[in-house]
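User: Hi! I've just opened this one and would like a walk through some of its sheets and helices. Could you start with the terms?

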Amino acid sequence: MFGELFKEENSFDNTTNNSTTTSIDGNPIDEPPKPRGPLKLVGFKNQGSTCYLNALLQTLFLTPEFRDGILQLTSDELGYSMDADSDPSNQRKIPYQLQLIFARLLLLNQNTCSTEGLTESFGWRNDEELQQHDVQELSRIFLDAIEASLVGTSSETLIQNLFKGKIVNQIVCDKCNRISERDEDFLDLTVSVTNNMKLLENSFSNTFKHAETMSGKNQYFCEQCNQLVDAKKRAKLKTLPPILTLSLLRFNYHKETFSRYKETSPFAFPFHLDMTPYVNCRSINSCGHYSLYSVIVHSGSAHRGHYQAHIRDVNKLGYSDIELTNEEIFPDFSKFIQTSETVPVIKNDIMNKKISDPINPEVILARIVAKHESMRLDELGQALLKATGSSWSKVYRKQYGTMAKFLRSNCETFNLDVATRTVSLCKSAHEKFLSDIALKCAENVEDIDKHSADASLLPNNSEYEDLTNSELGNAMGCCKLVNPNSCCCYEICSEEKPGTGMHWFNFNDENIKTISVNEIPKEFSGRKCAYMLFYRRNDLSSSFEWFEKIPDFIKDMMNNENIHLMEWRTKYDLAVNRLDLHIYTEEILIMSNGLIKCVELDGYLMSFYQHQQVSELLSEIQYNLDRMIKKPKRKKLQLTKKTTKDIKISPLEMTNLNILKILPHGGIHLYESLPVGREIALKEAGIKNNSSLFLWNGKSVLNQTIQIGIEYEAISVKLICHYDRNSRCYLSFKASQSECLLLVRSYASKLLNTSSNEIVFQRKIKGNESHNEDADDCIEVIDNDISSIVYGYEENFTAFCKGCQLQEVQRNSELDETGDFKNALSDKCHNKTVHVQLEIINYDNEILQESIYELDIDEKMSIEALKSFVLCKLNLQEIINIEECRFSLHSKQSVLCLYDSITVSSLPFTNDDIFLLERGKAPTNEQVLIFLKPPNELKCIELLLSKSSKISEAFERILKELNLNGDEWHLRKCNRYGDLTYLLDDNNKTITEAKISNGDIIALAPGKLAEKGKMRLCIWIYPKCLTLPELYNKNIITSLFKSVDLDQSSRPSEAPSILGHVELKREDTLYDLQRKIKAIQTDKKMPDKYCIRIIDKGLLTKALPQGDNNTVTLKRLKIQPSTQLGIQPSTMEIGKEDVIIKVVFHIPNTRHYTSPVEYVCSRTTANLHGNIAKCIGFEDNELILAKRTNDAMIWSMIEPDQSSNVCYAVTR
């Protein structure tokens, strides 16, 4: 409808979107609109350049008769039926959108309202909301569009009855006095604004009282005289509308410059307007007295600008704290009217009284700023132009420079915020100019008192004198709730008190403020001046029963929107105030190269809120400590003689919380501690979102004393000691800033076996990317002055004896991009690099024991030759006997003791594998060195066996070695973690035939071997399994969803125990297994009903079928000799197609889950949602299900129609 009507250039008026976005559980949440402010009125969002629309809409909204006429339209009249089959072509979009906007302005609890729905109903497209339009033209087109949309409704004559008047155009013949008349409707009266027309009354008199003479070439043809005659042409108002709209013609076209310009000369208008003199007395049929209630103001030029509105709250919808004095209730604009031809200066504005003096701009600007407390720089320039009639550039720029430069040079008077471009006065200057203003106010007391005395003669004004501010606030129409249980519906106090509807508000898009009526005369002239005036006829009565006129469907809609706003704000507040904290404990830390590092980098995530106390944080962490400690990683078996320090967790009470940071080298460091003993909120304690906290005893971590603070941050040092071009030693350790270089000198001296004075030290300068081998700036030579060195978190040093060539060392000491040492291979095609670690040397510092030697050797070299080479290279041949040491190859998966006769090239090793030179004799070619794992121990024992010896002989030797007797033992192979694998049950086989090779791990396992062809299965008995319907019901789950934790007393706490062993063939059936289990001789009580389940990694998993399925063989059930079975008391009937799933419940607003319970369902069921929901008393749509396997840690959603073939499920 409005699509092609406005074609003007873009405006500078663009609003900034201040909304912010946060997230909760990874889901972004936009900031909700703020609730209504203390003024109780709502502003409009600016879509780009829609300030003109916002100003007009606020005027129409605060016109009670128009607002009530729109609100009373029913849904049937608007064509918006609740039926989905309603015809969109019958919808009256503009009235409906207006009704929604007015309802939101009245009932919605938010401080801003959008006009997007209304502009869409206009048919705007191509970003027309970003184009500035003329508000006068919009008013006419908008009202015409509304009138056309209301045809056929109960408000069909709304526009005609409120805004339309009639003008009668008359031509009077001078010869026969015949009068020719023609009527013309108007929605608004245009008023000429020129230098000659300074008053509204003068403009009306010139238009409606004075006649234009038609003579000469402009004579009038009189039909009665039948000739051209002189005549008088005049216009009279025939009828006046209740709402009189006046459009001031401020924009004109300059005929000489051919450009548009804005008329900024003074043009005064009264508060009370008497239109009786301008109305045709013969046709007048209504009151001609009006009062001003809205002024739309335009600031800017003819090409661009901004609109805002000053509107009187006729219906007392808002709240104002301005006291209703006689001047506010009975305003008189005549005292502000200028009589001189100069730029206007408001009479009672003491601050501007002498502001036109151009000599001292400091005083002028200071008085303007003192009046407004603070101003933007552009607003200060406009205020200066309005007050003096001249701009800064015209009067002061040549002498003082730009205004910003002048303000900065007078910093003792002005404060200029460059970021926000805001100007304010310094404290001393502010007090000075305020006292100056007060003095000038005292000089005008006599005039003010005289004016008050005149006002006191007005009738009925004495009853306002004793009104307090609170009583006046009630008179302004404070809102109250109609229903205490309702969240949206307001009603206005209907009692009318003195001064009702006399408060004024300034509407500037989203910003609303109270103003005095005496602010309006300031818009008589200047760049910011009145553009449209709205007068209200005095005989119109204000209705305060607007709530009853709103249709019920609109009330319901607003009520739902308010509920949505409340939920939105609650959710946003939770997201904004929520703190996601990463909690770390000693259990997830390890020692690596002297640094304390985290196994779980993200720690344990817990959510809190900023208002919670630090003591609550500590209590919650301690309460969830068991959940935070994850299942420890499996330890590898100790296969070497090298002893490792056993790190034990401190038994002291964990009551200290410190800020934790993971430094760039991967190690952690602790900083300031939280005041856990004080009642202080997390926000006040400086805890921010995603902070990391460490719970500890306050003394030591992993048996190491910890010093907190930034000054004790650890440095990760990597040292390379060069023996020659092909041999070097690597060492990694930690150090503090003060001891870094001292430790480097000490360790290098011990590794190179020489004095530190004979060693050259070099430091890699971080950040240097030079690849030129001859470049000297990539290495910094360290001198004795160490005070000037500033270390980073990671430092790399090189040390070599003075006899070594510098360039060779530089080539061999380069680091790769990740900071790790890389091999410097020789150009010889048969050379290979090996990494050697020495266990045969007992250093006085255990850190040196971790040093790694990198040697370039011939790959055809034998292991025996390698021993000689290493001992010779490191000058150890005199103290170490070559026959008493051996090499073993250490990889991540195995340890292989090497034969002296094999060559290096025959070994499948990588750069990460270590050749460990240790004490002990190497095995011969006819021997194998195995590692024997005793029962219930991690440390293995070395054992040399002949390849030709039998398994029975090895078994007897092992029993003798461990001082064990009896036949309740057998041999098995196992992996590096001690997990039992292959059974060594053929005693007549040799070591070679049993495929036992060098470096294998053999475990002595408890239990007698079964007869040949049979399996000996271990049977465990478990406590009763609690099923889903036994443990949970709807009441318990409902309380759980309210974050009420479940009672843990009903959970099973009894540990499983061994019931006994059974021997079976793989061809035996499930019935045979059940019979054998019942025949076990034990003192434990057997349950009457139970199910048999397979144990995998210590957990009960698959249940063996029951009932008619007991003829299935163990072979078909995939029962192996190493399989362990558990029996569990249960009343569940598990069929062949049944599956057991574990169910946990997610505790809302946390990352916690309840302990799992079990649920039996068919493998082919099609409605897992429905079955679980029915089991616990819920509807299908009340539960959300997700699944994961025992190995995976990621939940995936289960669709309602998905099969239940899952291993793990969660409902929440």
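Analyst: Happy to! Two strands count as paired if DSSP finds at least two bridges between them, and helices (H or I, at least four residues) and strands (E, at least two) are DSSP runs numbered from the N terminus. This is a predicted model, where local features need pLDDT of at least 70, side-chain atom pairs count only at pLDDT 80 or more, and totals for chains, interfaces and linings use all residues. Residues are numbered from 1 along each chain as its sequence is written, and side-chain values use heavy atoms, without hydrogens and water.

User: What pLDDT does the chain average?

Analyst: The average is 77, and 77% of the residues score at least 70; pLDDT is the predictor's confidence in each residue, from 0 to 100. Over residues 339-358 the value falls below 50, yet that stretch has 40 contacts in the model beyond near neighbours in sequence (contact means heavy atoms within 4.5 Å). Residues 768-777 are also below 50, with eight such contacts.

User: Good to know. On to sheets: what is the strand order in the open sheet that contains β26?

Analyst: That five-stranded open sheet runs β29-β26-β32-β30-β31, with mixed pairing. At its edges are β29 (604-609) and β31 (668-673); each has a single partner strand, so one side of each lacks a neighbour in the sheet. Ignoring direction, neighbouring strands are turned by 40° against each other on average.

User: How many bridges join β26 and β29?

Analyst: Six, and β26 (residues 578-584) pairs with β29 in the antiparallel sense.

User: At what angle do α4 and α18 pack?

Analyst: About 55°, with the axes of α4 (residues 93-107) and α18 (residues 552-577) 10 Å apart. The two are therefore oblique to each other; under 35 degrees counts as roughly parallel, over 145 as roughly antiparallel, 65 to 115 as roughly perpendicular, and the rest as oblique. The contact involves Tyr 96, Gln 99, Leu 100, Ala 103, Arg 104 and Leu 107 of α4, and Phe 553, Ile 554, Met 557, Met 558, Glu 561 and Asn 562 of α18.

User: Which strands does β47 pair with?

Analyst: β47 (residues 969-974) pairs antiparallel with β48 (residues 980-984) over three bridges, with Cys 974 opposite Leu 980. β47 also pairs antiparallel with β49 (residues 1001-1006) over six bridges, where Arg 972 stands opposite Ala 1003.

User: Which residue has a positive phi in the hairpin of β47 and β48?

Analyst: Gly 978, near 90°, in a hairpin with five residues between the strands.

Notes:
Axes fitted to C-alpha atoms, helices over the stretch in contact; angles between N-to-C directions.
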